[in-house]
Each structure stands twice: as C-alpha cells, then as structure tokens.
Amino acid sequence: MTDRLRTVLLFGPPGAGKGTQGKLLGAIPGFVHMASGDIFRTLDRESRLGKKFVQYSSQGLLVPDEMTIEVWRDYVDRQIETQVYRPAFDLLVLDGIPRNVVQAEVMAGHVQVLRVIHLRPPGIDEMVVRLKGRALKEGRHDDADEAVIRRRFEVYEKETSPLLAYYDADMICDISALGSPAEVLQKILDAIVPIYSAHFANPLG
Ligand code: ADP
C-alpha cells in the first residue's frame, strides 16, 4: 500500500481526556481510534517487547522510538488485514502517537495528518487527580504513583509539546479539556466532521 493513511491526531497531556474522546469517536462508523498506550498494553508482558514496554512506562518514560513505530505499524497492518480498519473508508484517529518530533518525522511516511486536535488541560493538579482515579479503576501501573505521574508531565512538556510547533498552525485546533465529555466531543466533532466529509464518502451510503 503506497497511499498514506488519512489521520487526525488527538494531542494533549496525560489525563486531558484523549482516551475518553478517542473511544467515543471510534464508536462512530467511519472513524477508527488507535491509542498507542492501548496497543502497548496488549503486548504479552512476558515477551521481549512487552517487558521493554513495562520497563519504560512504569517509570513514566517514553518507549524508544524505533520499537514504538514498529509495534504501531504491525498493529495497523493487522487491523487492515482483518478489515477492522479500512483506510479507503475510515478516518484514523491516533491517540498518543506520534509523541515526539522524531516519531512524527518517521510517521510522515505512513500517515497524512489532516488535523491536530489539541486538548488543552485545565491544570496539572486537576489532572493528577483524574489520573489517580483512573489508576484505581483500570489498574494502570503507571498512574498509581504520584511521582511517576509527575514524571509523565515532565516528559510531555519536554518531548511531546514541541510537536505542536512541528505542525502548521492552521492544522491545529485548540479545544479546552475542561468541559463534560459530551461538550468536548461536540467541539471535536465540529472540527473533524467537515474534514471527514471532504475526504470520505458516507459509509452508510
Ligand atoms: P497517557 O495518555 O496516560 O500518557 P498512554 O496510555 O498513552 O498514557 O501511554 C502509556 C505509556 O506507554 C507511556 O507513558 C509510554 O511509556 C508508552 N507510550 C505510549 N505511546 C508512546 C509513544 N508514542 N512513544 C513512546 N512511548 C509511548
């Protein structure tokens, strides 16, 4: 396949609600949501890659770029093979990847980014509370410990937020992460439905 995958990026710090919004969007026919963290968490923890994932994520650090792209691309290919993701018909909603400029540069060969949805966070303290709540609910080893959470914010500021400058300013849509899930979803849909309509035929005919 030579065509690049038509993609919208969900962008924002841990706890901004990318996962919640991604799942909602992924429930809509014509949108396929992929979260890199979820993809990593499907790895067998006893496998070489699974062990490496836990080694980095339990410290709040990014997994090395080469492994990240490899695991992501393998996953994409499997989704295409099983027709869960049909690139001719589906807008790809990526969440958590790319996470730094190097990943974005490599991925530019695979994806055509049509829009970047930047979920702007309320404030770090509010998000630490959100993440701790999630850790209790979902058993996430990287969210239970406040020091690890704070490290993830530092990594976001240092490695991920510079990505915003990598994309053209007119491609970025800033949305406050403060509202209810329904309010935030409405704003995201306002931003991406026109893009979807411009690039894809209606899947329901
Ligand atoms: P959150 O959105 O809460 O930060 P994720 O579920 O997206 O968490 O990711 C969990 C962990 O998986 C990250 O802390 C990191 O170790 C690893 N990870 C996920 N995506 C990437 C990526 N694109 N590059 C490197 N590491 C990643």
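The model is predicted, so local features are given only at pLDDT of at least 70 and side-chain atom pairs only at pLDDT 80 or more, while totals for chains, interfaces and linings use all residues. Residues count from 1 along each chain as its sequence is written, and side-chain values use heavy atoms, with hydrogens and water left out.

**View 1. An open, parallel sheet of 5 strands.** Read across the sheet, the order is β2-β3-β1-β4-β5. Strands here are DSSP runs of E with at least two residues, helices are runs of H or I with at least four, and both are numbered from the N terminus. Two strands pair if DSSP finds at least two bridges between them. β2 (31–35) and β5 (172–176) sit at the edges with a single partner strand each, so one side of each has no neighbour in the sheet. On average, neighbouring strands are turned by 25 degrees against each other, direction ignored; axes are lines fitted to C-alpha atoms (for helices, over the stretch in contact), and angles run from 0 to 180 degrees between N-to-C directions.

**View 2. Strands β1 and β4, with helix α4 on the sheet.** β1 (residues 5–11) and β4 (residues 111–120) run parallel and are joined by 7 bridges. Look for L10, whose bridge partner in β4 is I117. Helix α4 (residues 65–81) packs on this sheet and touches β1, β2, β3 (91–95) and β4, where contact means heavy atoms within 4.5 Å. The direction of α4 makes about 150 degrees with that of β2.

View 3. A polar side-chain atom of R152 is 2.5 Å from a ligand oxygen atom, and one of K18 is 3.5 Å from a ligand oxygen atom. S36 puts a polar side-chain atom 2.7 Å from a nitrogen atom of the ligand. For these polar contacts, the cut-off is a pair of N or O atoms within 3.5 Å. On its own the ligand has 550 Å² of accessible area, and the protein covers 95% of that (Shrake-Rupley method, 1.4 Å probe).

Note on methods: A polar contact is a pair of N or O atoms within 3.5 Å; within protein, one must be able to donate a hydrogen and the other to accept it, and residues adjacent in sequence count only if both atoms are side-chain atoms.
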